[in-house]
Amino acid sequence: MAKEVQAKYEPVAEIGVGAYGVVYKARDLQSGKFVALKNVRVQTNENGLPLSTVREVALLKRLEHFDHPNIVRLMDVCATARTDRETKVTLVFEHVDQDLKTYLDKAPAPGLPQDTIKDLMRQFLSGLDFLHSNCIVHRDLKPENILVTSSGQVKLADFGLARIYSCQMALTPVVVTLWYRAPEVLLQATYATPVDMWSVGCIFAEMFRRKPLFCGNSEVDQLGKIFDLIGLPPEEDWPADVNLPRCAFMPRSLQPVEKHVPEIDMTGAKLLLDMLTFNPHKRISAFEALRHPFLMERSSTCSKDSSSDLSSAWPQKGD
């Protein structure tokens, strides 16, 4: 770890390894609080860090000033040159011990109450709408990248960093789960913010099921499993200029959502299908989803004022 980082932060434990490098839990030596250190390797040119990386970090730092309750905070950025070709950038985030996958795994049978799912979804979509309104596409939403504090507050993590990671990922064979990828990504078509809403749909279903909705083992297999639920899309919705033609898949029809997500009600099933819409131009946005009847039906809790009520659902570890 670079001397500049060591002077500010004391590593406590390694908590993850990704395509971008190692993630550490560390203690801020000044405040005493825990933070998450994420080391990212970025290719440099003769002028130092690429302008795109500088812009990306500047954008993330600017978002910090909004202090959105559902976005994990980027607290510091440290850069130390390693070689003529590569710079190691250490991103310092607030630390949360628990992700959504862990949260779901700890839920006692029969699973999360519907009011809890609604609360988590409102917070999740609120954070995502904030990112999208600031022109940030997450691109890798999955339960491991959604943090849940011990009081039930949702915080999106690893957002907006795909461009920083992309240089290293281009050089390293990376196995990333296909299970939350939108069809346009699987088909290698152009994409924008709707890719995140597809992932939201997969995660929404998983909150009910407590297991992933689509578990493919390749791009083609993943698409096949998707079409088993939503049916084979019409020819006019199939993206142009992709290598995989529509005729490569057997015709099939839309299946009842309850067959795959038996715990969901009719209004929730409608929202799920709005998220799992094949054509990204027809897919619901985060802004629109927040106003969907399923989430507008307020229960005794709401995401901003009573997220602490979620902590009583079952015992949880401290952050």
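Student: Where is P110 placed?

Tutor: P110 belongs to the loop between α3 (100–106) and α4. Helices are DSSP runs of H or I with at least four residues, strands are runs of E with at least two, and both are numbered from the N terminus. This is a predicted model, in which local features need pLDDT of at least 70, side-chain atom pairs count only at pLDDT 80 or more, and totals for chains, interfaces and linings use all residues. Residues are numbered from 1 along each chain as its sequence is written, and side-chain values use heavy atoms, leaving out hydrogens and water.

Student: What is noted about the peptide bond from A109 to P110?

Tutor: The bond is cis, and its omega is near 10 degrees. Most peptide bonds are trans, and most residues other than glycine have a negative phi.

Student: Which phi does C135 have?

Tutor: C135 is not a glycine, yet its phi is positive, about 65 degrees. R210 is likewise not a glycine and has a positive phi of about 60 degrees. C135 is in the loop between α4 and β6 (146–148), and R210 is in the loop between α7 and α8 (219–230).

Student: Why does C135 count as exposed?

Tutor: Buried means under 20% relative accessible area, exposed over 50%, and partly exposed in between, with a 1.4 Å probe and protein chains only. C135 has 64% relative accessibility, so it counts as exposed. R210, at 31%, is therefore partly exposed.

Student: What makes K38 buried?

Tutor: Its relative accessible area is 10%, so K38 is buried. K38 is part of strand β3 (residues 34–43). UniProt, in an unreviewed entry, gives K38 the feature "binding site"; such annotations may be inferred rather than shown by experiment.

Student: What joins the side chains of N279 and D237?

Tutor: A polar contact of 2.9 Å joins them. A polar contact is a pair of N or O atoms within 3.5 Å; within protein, one must be able to donate a hydrogen and the other to accept it, and residues adjacent in sequence count only if both atoms are side-chain atoms. N279 lies in the loop between α10 and α11 (286–289), and it is buried, with a relative accessible area of 10%.

Student: What caps the N-terminal end of α10?

Tutor: D265 does, with a side-chain oxygen 3.3 Å from the backbone nitrogen of T267.

Student: Which residues of α10 are buried, and what covers them?

Tutor: The buried ones are G268, A269, L271, L272, D274 and M275. Their cover includes α4 (114–133), α7, α9 (257–260), α11 and α12 (293–296).

Student: How do α7 and α10 pack?

Tutor: Helix α7 (residues 194–209) and helix α10 (residues 266–275) pack at about 145 degrees, with axes 8 Å apart. M197, W198, V200, G201, F204 and A205 of α7 meet G268, L271, L272 and M275 of α10, where contact means heavy atoms within 4.5 Å. The residues of this contact are eight nonpolar, two polar and no charged. Gly counts as polar here.

Student: How many helices and strands does the protein chain have?

Tutor: The protein chain has 12 helices and seven strands. Of its 319 residues, 50% are buried. Among its contacts with a separation of 6 or more, 64% are between residues 24 or more positions apart.

Note on methods:
Axes are lines fitted to C-alpha atoms, for helices over the stretch in contact, and angles run from 0 to 180 degrees between N-to-C directions.
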